[in-house]
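This briefing walks through one protein model for a reader who is new to structures. Please look over the sequence and the three-dimensional view before reading the points that follow.

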Amino acid sequence: SSFLRIQQSNIYEDVPDEEDLEDQSKASGWFEEEQCSEENADSFSLDFIGKYQKTFKGKTPKSTEEESENEDYNEDEKFFKKRGRPTSQGAKQRQTVHISRRRLVTKEEIKAAYKEATNYMINNVSDIPRTQITMLRTHVYQGFHMTLKKDWALSHMCLEDHDVKLRVPGVEGSWIIGCRWTRKLMQCQLRVRWPSFVLDNNLEEHDVCIFELIRKGNPRSKIKAILDVHIFRVVDEVVPLKKVRTVV
């Protein structure tokens, strides 16, 4: 996609439209060029990457947010079947979802939030690994899990399931979130307790977050990763989400 390689000289000419924002891998990945290399990987990383390459040998790996959600959904179905619990093929189940009470937003406001986050990435050059992600409905309204860009995660995140401490500059406190790798697509997701972070910080669809990796985690040494999260809102006025129950 042409806008993924934005140059500073023409940044405002290539702001993504609404369809582009729906493709999370496009909306969040243009800034990170660094790839995972064997030169700076430890022995565990080499083994992980080898499995990753073997899995997709001769194939085009799937990487979109929607495919990731489908993969997790199928795994959850298998989990429930093993334990005799109802699945989507059986009785209907209730699911908690959240509804935005924010006023209607315009395309211009959505683009403005994206530009502001992009400018931060360009104007604050740093050696700190970071990635830019536009919030989708599955991040903040239902489902509540977020997939980090695969190449970025393989290069910078611990390659095991571990906990991550999220901090928001200027906000007191922190949030311990469970970071999990999916078994089939080899994707890194923020899942466990992610809803608490979303609701406490009133994240909404189309808001943009920049995640800066301050410290890489090491679960074997019980060292938590630390990610600072910079939030760029479509609408500055914060209105808490409304929680509802629905039958699925």
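This is a predicted model: local features need pLDDT of at least 70, side-chain atom pairs count only at pLDDT 80 or more; totals for chains, interfaces and linings use all residues.

Cys 179 is buried, with a relative accessible area of 0%, and Cys 209 likewise counts as buried at 0% relative accessibility.

**Cysteines**

- A search of the whole structure finds zero disulfides, and a disulfide would be a covalent bond between the sulfur atoms of two cysteines.
- For Cys 179, the closest cysteine sulfur belongs to Cys 188 and lies 3.1 Å away, which is too far for a bond, because a disulfide is counted here when two cysteine sulfur atoms are within 2.5 Å.

**The chain as a whole**

- The chain contains eight helices and nine strands, and of its 248 residues 44% are buried.

**Strand β7 and its neighbours**

- Strand β7, which covers residues 208-215, is mostly covered, since six of its eight residues are buried.
- Strand β2, made of residues 130-134, runs antiparallel to β7 and is joined to it by five bridges; within this pairing, Thr 134 has Val 208 of β7 as its bridge partner.
- Strand β8, made of residues 225-232, also runs antiparallel to β7, and seven bridges join these two strands; here Phe 211 stands opposite Val 229 of β8.
- As background for reading such strands in the view, the side chains of a regular strand alternate between the two faces of the sheet.

**Asp 228 and Arg 167**

- A search of the whole structure finds eight salt bridges, and as a general point, side chains of opposite charge can pair when their charged atoms come close.
- One of these salt bridges is formed by Asp 228 and Arg 167, whose closest N and O atoms are 2.8 Å apart. Asp 228 lies in strand β8 and Arg 167 in strand β4 (residues 162-167), so the pair ties together parts that are 61 residues apart in sequence.
- When residues up to four places away in sequence are not counted, Asp 228 touches Arg 167, Ile 210, Phe 211, Glu 212 and Ile 214.

**Asp 207 and Arg 102**

- Another salt bridge links Asp 207 with Arg 102, and the closest N and O atoms of this pair are 3.8 Å apart. Asp 207 lies in the loop between α8 (194-200) and β7, while Arg 102 lies in the loop between β1 (94-99) and α5 (107-123), so this pair ties together parts that are 105 residues apart in sequence.
- Both Asp 207 and Arg 102 are buried.

**Glu 109 and its surroundings**

- Glu 109 is placed in helix α5, and its side chain meets that of Arg 103 in a salt bridge with an N to O distance of 2.6 Å.
- Both partners count as partly exposed, Arg 103 at 45% relative accessibility and Glu 109 at 21%.
- A polar atom of the Glu 109 side chain lies 3.0 Å from the backbone nitrogen of Thr 106.
- Leaving out residues up to four places away in sequence, Glu 109 touches Arg 103, Leu 104 and Val 234.
- Glu 109 and Val 235 are 126 residues apart in sequence, and in space their C-alpha atoms are 7.5 Å apart.

Notes
Residues are numbered from 1 along each chain as its sequence is written. Side-chain values use heavy atoms; hydrogens and water are left out. Buried means under 20% relative accessible area, exposed over 50%, partly exposed in between (1.4 Å probe, protein chains only). Helices (H or I, at least four residues) and strands (E, at least two) are DSSP runs, numbered from the N terminus. Two strands pair if DSSP finds at least two bridges between them. Contact means heavy atoms within 4.5 Å. A salt bridge is a side-chain nitrogen of Lys or Arg within 4 Å of a carboxyl oxygen of Asp or Glu. A polar contact is a pair of N or O atoms within 3.5 Å; within protein, one must be able to donate a hydrogen and the other to accept it, and residues adjacent in sequence count only if both atoms are side-chain atoms.
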